[in-house]
Amino acid sequence: MDAVRLIVTSRRALAGSGGAPQVMAEVWQAQALAQAIGSRLAVAGPPELRGEALGLTELAGRGCGVLSRPDISVEQLRAAQLTELGDARQALLCLGGLLGEVGIALVGLACAADDETTYWQCMEAIDAADESRDRVVQMLRRLADRGEGVPEREAG
């Protein structure tokens, strides 16, 4: 499936998630998708994005690592459904939006956390999502420098 479609699906699932376990599962899914997109860009993306894309892969992997893996099958794993990137700029714009929403959802979970473990898990996941989003913004800027013209309001 195309990256943008998977990102849109993730955004809808995150917005529609209810309790903390469901939100955490969607956050994990989003980070796994960011990791897959970063990996794909690192291997087959524009050459000027490959270093930043590798960094995105590592950061998103850290975001998955601080969270418990949800009990989902491979068929339910959106990252496993990624078959093509499509337009790199559009995919990165959408991914940046998803990562921003992930951060907001995690702030809400951290504020409502009943225990210190959940709170710190959210804090680490917020940090990973924020750093991943920063990488996405850097890649958008590199594309703009290349001449694909990303307006500043979209990039940051």
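Predicted model: local features only at pLDDT ≥ 70, side-chain atom pairs only at ≥ 80, totals over all residues.
Student: Why is helix 2 called roughly antiparallel to helix 4?

Tutor: Helix 2 spans residues 20-44 and helix 4 spans residues 88-112, and the two pack at an angle of about 150 degrees. Angles over 145 degrees count as roughly antiparallel, so helix 2 is roughly antiparallel to helix 4. Their axes lie 10 Å apart, and the crossing of helix 2 past helix 4 is left-handed.

Student: Which residues make the contact between helix 2 and helix 4?

Tutor: From helix 2 they are A20, V23, M24, V27, A30, Q31, A34, I37 and L41. Helix 4 brings A88, L92, L95, L98, L99, V102, A105, L106 and L109. By class, this contact of helix 2 with helix 4 holds 17 nonpolar residues, 1 polar and no charged.

Student: What makes helix 2 and helix 3 roughly antiparallel?

Tutor: Their axes cross at roughly 155 degrees. The cut-off for roughly antiparallel is over 145 degrees, and therefore helix 2 counts as roughly antiparallel to helix 3. The two axes come within 7 Å, in a left-handed crossing.

Student: What classes of residue are found in the contact of helix 2 with helix 3?

Tutor: There are 12 nonpolar, 7 polar and 1 charged residues. Helix 2 takes part through residues including W28, Q31, Q35, G38 and S39. Among those they meet in helix 3 are R50, T57, G61 and G63.

Student: Why is Q31 called buried?

Tutor: Q31 has a relative accessibility of 1%. Buried means under 20%, so Q31 counts as buried. Q31 lies in helix 2. Beyond four places in sequence, Q31 touches A60, G63, C64, L99, A125, A128, A129 and S132.

Student: How do you know that Q29 is buried?

Tutor: The relative accessibility of Q29 is 4%. That value falls under the 20% limit, and therefore Q29 is buried. Q29 also lies in helix 2. With neighbours up to four places away left aside, Q29 is in contact with I72, Q76, L77 and R78.

Student: What makes G45 count as buried?

Tutor: G45 has a relative accessible area of 8%. The limit for buried is under 20%, so G45 is buried. G45 is found in the loop between helix 2 and helix 3, the latter being residues 50-65. Apart from residues up to four places away in sequence, G45 touches R40 and R50. Between G45 and W28, the C-alpha distance is 24 Å, and they are 17 residues apart in sequence.

Student: Why is A144 called partly exposed?

Tutor: A144 has a relative accessible area of 25%. Buried would need under 20% and exposed over 50%, so A144 is partly exposed. A144 lies in helix 5. The C-alpha atoms of A144 and R89 are 9.2 Å apart, although 55 residues separate them along the chain.

Student: Which residues of the largest nonpolar core touch the most other members?

Tutor: They are I37, L41, L95 and L106, out of 50 residues in that core. Helix 1 (3-16), helix 2, helix 3, helix 4 and helix 5 (116-148) each supply at least two residues of the core. Helix 4 gives the largest share, 13 residues. Not counting residues up to four places away in sequence, L95 touches I7, A34, I37, L56 and V136.

Technical notes:
Residues numbered from 1 in each chain as written. Heavy atoms only, no water. Axes fitted to C-alpha atoms, helices over the stretch in contact; angles between N-to-C directions. Helix = DSSP H or I, 4+ residues; strand = E, 2+ residues; numbered from the N terminus. Parallel < 35°, antiparallel > 145°, perpendicular 65-115°, else oblique. Left-handed = near helix turned anticlockwise from the far one by under 90°. Contact = heavy atoms within 4.5 Å. Nonpolar A, V, L, I, M, F, W, Y, C, P; charged D, E, K, R; others polar. Buried < 20%, exposed > 50% of the residue type's maximum accessible area, 1.4 Å probe, protein only. Core = buried A, V, L, I, M, F, W, Y, C linked by side-chain atoms within 4.5 Å.
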